[in-house]
Amino acid sequence: MVKNRERIQAVESSFGRTGKILQKAGRILVGEGHLKKHCRRGPKLKVFFLFNDILVYGSIMVPGRWNHKQKIIPLEDVLQEDMEDGMDMSNQWLIRTPCKSFYVSAASPEEKREWMRHISQSKALHAQHNGLPADNTVGNFATPWIPDIASAICMRCSKRFTVTNRRHHCRRCGYIVCKACSKSRALLPNISSRPVRVCRNCMSTEKQETNQKRMMGKYRKMKKNSVEDTRTQPEYETSSDEELGDQNSYHVSTKWFKDNGDEDLSPYCYFKPEHMNPPVRQT
């Protein structure tokens, strides 16, 4: 376990002061490597670290030494979907989470299979350890954004994008829309605690769904009160329950670690000497 602590310390240090503390009792670094993430302006190489309970990724500043913009995803929130090769990304698959969904691609089909297998296996073991169902991913998932290069016009009103008429993304459907078609803001709890940009179509749908939920809530409340009235015959009853929460040319193959600290020497693994002498985190 000493090697494991050293590896986690090295990951912490690579993100500097902007990253969060990753050392935690029982946490194990399962593997690490570089994957291309489909961003709004195209594929970009990112560094990924798979732990036995979380998935961490970030931007590469200095390959193998300095990373930035750390993102942490609990494994219980992850849902993977296999995808066919795209025009600009091969060996890709979709990672869905409630807050953000995105496409990633590996350098080879073998590496893709290993990433998907290790993520699924780590998630299943994590759920088993915490007494959760094997497939405990529930709730709404964020829609992946359509890349900017996919459309030169607004996908709602068909107006052409220009220097002044810029591209925006609807957080609900992921469409590329203009400012005029995305003036509305809606609260999507799975994405943000604050209202986010949505297109007018999604805003209309959101209002309809909100009204339906409100009507269903009133119906359930009336039904509940009717049953309680029959049983207890109270004079009156009131209730109020409201719940408020790149360096694309540089690629290093993935490295997986075994529980006993030995490396899994597969054809696409690499060895990082700094794991033996990790840099000291500055406080």
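Let me begin with a contact between side chains: Arg40 and Asp148 meet in a salt bridge, at 3.2 Å from N to O. This pair links distant parts of the chain, with Arg40 in the loop between β1 and β2 and Asp148 in the loop between α2 and β8, 108 residues apart. Please bear in mind that the model is predicted.

Asp148 counts as buried, at 7% relative accessibility, whereas Arg40 counts as partly exposed, at 28%. Asp148 also meets the side chain of Arg41 in a salt bridge, at 3.8 Å from N to O. Arg41 lies in the loop between β1 and β2, so this pair ties together parts that are 107 residues apart in sequence. Arg41 itself is exposed, with a relative accessible area of 61%.

The structure holds 8 salt bridges. Another of them joins the side chains of Arg172 and Glu206, at 2.8 Å from N to O. Here Arg172 sits in the loop between β8 and β9, and Glu206 in helix α3, 34 residues away. Arg172 is partly exposed at 24% relative accessibility, and Glu206 is buried at 16%.

I turn now to the overall fold. The protein has 3 helices and 12 strands, and 40% of its 283 residues count as buried. Its accessible surface comes to about 17300 Å², of which 51% belongs to carbon and sulfur atoms.

Which residues touch the most other members of the largest nonpolar core? They are Phe48, Leu50, Leu55, Trp93, Ile95, Phe102 and Trp115, in a core of 18 residues. Elements giving two or more residues to this core are β1, β2, β3, β6, β7 and α2. The largest share, 3 residues, comes from α2. Beyond its neighbours within four places in sequence, Trp115 is in contact with residues including Phe48, Leu50, Leu55, Trp93 and Trp256. Apart from this core lies another, of 15 residues, among them Cys173, Leu188, Val198 and Met203.

Next, helix α1, residues 2-14. Just after α1, Gly16 takes a positive phi of about 65°.

Finally, the surface. Met61, Val62 and Trp66 make a nonpolar patch of about 270 Å². Trp66 belongs to strand β4 and is partly exposed, with a relative accessible area of 44%.

Terms used
Residues numbered from 1 in each chain as written. Predicted model: local features only at pLDDT ≥ 70, side-chain atom pairs only at ≥ 80, totals over all residues. Heavy atoms only, no water. Patch = residues over 30% accessible without salt bridge, like charges linked within 9 Å, V, L, I, M, F, W, Y side chains within 5 Å. Areas by Shrake-Rupley, 256 points an atom, 1.4 Å probe, with all protein chains shown as cover. Salt bridge = Lys/Arg side-chain N within 4 Å of Asp/Glu carboxyl O. Helix = DSSP H or I, 4+ residues; strand = E, 2+ residues; numbered from the N terminus. Buried < 20%, exposed > 50% of the residue type's maximum accessible area, 1.4 Å probe, protein only. Core = buried A, V, L, I, M, F, W, Y, C linked by side-chain atoms within 4.5 Å. Contact = heavy atoms within 4.5 Å.
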